[in-house]
Amino acid sequence: MNERQAQLVQNTEKHRQLILDAEKWLWAHPQTGYTEWEAHGYLLEKFRELGYDPVLAGKIGGFGDIPGFYADADTGRKGPVLAVFGELDALDIANHPESVNGMTHCCGHHAQCAALLGLAAALKEENALVGLCGKIRLIAVPAEEMIQLGFREELRRKGVIAYMGGKTEFMHRGILDGVDLAMMVHGTSAGEGEPFDFRCGCGNNGCMAKTIRFKGKSAHAGGAPHKGINAQYAAMLGLQAVNDLRETFPDSDTIRFHPIMMGVNCAVNIIPDEMKIESYVRGKSLEAIRRENTKVNRAMAGAALAIGAGVELRDRPGYAPERHDRQFMKLVEDCCKELAGEDRVCFEYDSWSTGSSDFGDITCVMPGVQFNAAGAAGTFHGIDFSVADPERLCVNSTKAQLFVIDALLENGAAAAKKIVAEYEPEYPSIHAYLEAIDAFVLDKDAVKYDENGNVSVDFQNI
Ligand SMILES: [Zn+2]
Ligand SMILES: [Zn+2]
């Protein structure tokens with residue numbers, strides 16, 4: 001660690017309590033995507049107290065009101081713009097012992113926001129921006145978890161949002177316009193035998209969000225089942241068909257299909273006339289997702305047909321596969337090693353994860369890295385998730401991010417400029433990317449019967 005880095009550590013230490021308090025407060029106020037007004041309000045106030053003038057995502061002209069904002073730390077010198085994200089949203093997990101109104105931060109996003117606030121505070125220190133150029137755009141972003149698809153579809157229908165994911169929506173709103181590169185830190189747990197402080201893989205799956213609604217006919221389940229059409233059986237048959245298709249998914253595409261049945265109109269003595277399934281199709285490329293999703297939709301249509309039911313298919317763009325820029329990743333790795341020591345940092349340049357994040361949408365159009373800070377414990381998205389060590393999870397990640405900001409933007413931002421110059425985007429612009437995923441939208445009443453009992457099937461997006 002050099003003298004400058006020691007200074008950055010000190011800049012963070014001054015705000016240690018602010019960071020730790022924020023972690024606690026945000027943990028106690030969990031809300032799910034596009035409803036995170038409490039975290040939004042808390043952070044907004046803190047940012048203003050620090051002297052920032054945040055731009056509210058919900059106040060950008062012509063768009064609906066949603067939580068989230070950005071604030072720039074400006075060096076006053078021309079140079080690249082680096083975005084840093086903190087995610088606002090929690091998960092529905094009512095049986096977590098510390099859930100509040102059925103929600104908990106069991107993905108640890110609140111810790112990102114605590115670190116983002118720490119970053120905001122440290123960047124206001126007198127010497128923080130000395131020797132740097134460009135801008136750091138600090139972004140509190142809603143709705144990373146792709147859940148509550150019905151609620152989001154309703155927001156979409158009302159014109160409040162255009163996209164399910166918060167970062168995608170922020171791209172749509174122009175908040176990433178003019179940004180050159182991006183980073184964020186997600187929590188992780190360094191389980192037993194994995195004593196590291198920071199880690200990073202090369203990327204993770206993208207996904208598509210699906211809602212599948214089987215339509216049957218209700219009848220007395222005991223007295224007259226022959227008068228009904230069982231939507232639940234049709235749904236079960238559809239899932240069975242996809243299970244049988246799994247071996248046709250090429251291993252190299254790392255496809256994941258993990259449906260949940262969202263039973264509706266259920267009573268034990270009524271043949272269910274409706275059964276809703278939510279799922280993603282995840283995969284390593286948008287092309288693979290699109291290809292395998294067609295099979296899934298065909299299976300659902302076939303199942304409906306077999307039972308004499310109908311099925312509505314609703315596909316929405318999810319997230320693009322996330323690919324970390326290798327050069328940027330190396331720079332982050334070096335910074336983490338300076339901070340935590342060689343043996344506490346585990347960067348794997350070939351390791352691919354099968355989760356998904358809307359940070360993938362960002363890495364399609366600009367170089368980006370999402371790395372992990374240890375300090376959480378238990379199972380992510382599980383009822384035993386907890387923050388075991390907020391010091392490592394939040395304070396350390398603030399320091400690491402400060403190191404990265406410095407490494408990118410010092411010396412006339414030579415490192416950032418080189419990364420940006422050598423990056424090959426998958427899409428030439430944000431606009432081109434959004435246009436490409438818009439083609440994923442599908443709304444089909446896939447199986448229709450005429451008066452003679454003949455059937456027409458239409459499950460494709462062509
Ligand atoms: Zn999560
Ligand atoms: Zn997460």
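Start with helix H4 and colour it by burial: 14 of its 14 residues are buried (a residue is buried if 20 or more other C-beta atoms, placed from the backbone, lie within 10 Å of its own, exposed if 12 or fewer, and partly exposed in between). Select residues 109–122 to show H4, which has 14 residues. From first C-alpha to last, H4 reaches 20 Å, close to the 20 Å expected at 1.5 Å a residue (the expected span is 1.5 Å times one less than the number of residues). Helices (H or I, at least four residues) and strands (E, at least two) are DSSP runs, numbered from the N terminus.

This is a predicted model, in which local features need pLDDT of at least 70 and side-chain atom pairs count only at pLDDT 80 or more, while totals for chains, interfaces and linings use all residues. Residues are numbered from 1 along each chain as its sequence is written, and chains are lettered from A and ligands numbered from 1 in the order in which they are written.

Next, select Val84. Leaving aside neighbours within four places in sequence, Val84 is in contact with Leu116, Leu119, Ile136, Leu138, Ile139, Met183, Met184 and Gln401 (contact means that the C-beta atoms, placed from the backbone, lie within 7 Å). Val84 is also, with Leu82 and Ala304, one of the residues with the most contacts inside the largest nonpolar core, which has 142 residues. Such a core is a set of buried Ala, Val, Leu, Ile, Met, Phe, Trp, Tyr and Cys residues joined through C-beta atoms within 7 Å. Helix H11 (residues 390–422) gives this core its largest share, 13 residues. The core draws at least three residues from each of domain 1 and domain 2.

Now colour the two domains. Domain 1 covers 3–204 + 321–426, and domain 2 covers 207–319 + 437–457; these bounds come from an automatic or database domain assignment. Their C-alpha centres lie 35 Å apart. Where they touch, 13 residues of domain 1 are in contact with 14 residues of domain 2. The domain 1 side of this contact has six nonpolar, five polar and two charged residues (Ala, Val, Leu, Ile, Met, Phe, Trp, Tyr, Cys and Pro count as nonpolar, Asp, Glu, Lys and Arg as charged, and the others, Gly among them, as polar).

Switch to the strands. An open sheet of eight strands runs in the order S1-S2-S6-S3-S7-S18-S8-S16, with mixed pairing (two strands pair if DSSP finds at least two bridges between them). Strand S1 (55–56) and strand S16 (345–347) are at the edges with a single partner strand each, so one side of each has no neighbour in the sheet. Within this order, select S2 (residues 69–74) and S6 (residues 135–141), which are antiparallel and joined by six bridges. Ala73 has Ile136 in S6 as its bridge partner.

Move on to strand S13 (residues 274–283). Nine of its ten residues are buried, so S13 is largely enclosed by the rest of the structure. Select its antiparallel partners in turn:

- S10 (residues 206–215) is joined to S13 by ten bridges, and Ile212 has Ile277 as its bridge partner.
- S12 (residues 260–263) is joined to S13 by four bridges, with Gly263 opposite Met275.
- S11 (residues 256–257) pairs with S13 over two bridges, and Arg256 is partnered by Arg282.

Finish at the open sheet of three strands, ordered S15-S9-S17 with mixed pairing. Strand S9 (residues 203–204) pairs with S17 in the parallel sense over two bridges, and Gly203 stands opposite Trp352 in S17.

Definitions and conventions:
Two residues are in contact if their C-beta atoms, placed from the backbone, lie within 7 Å.
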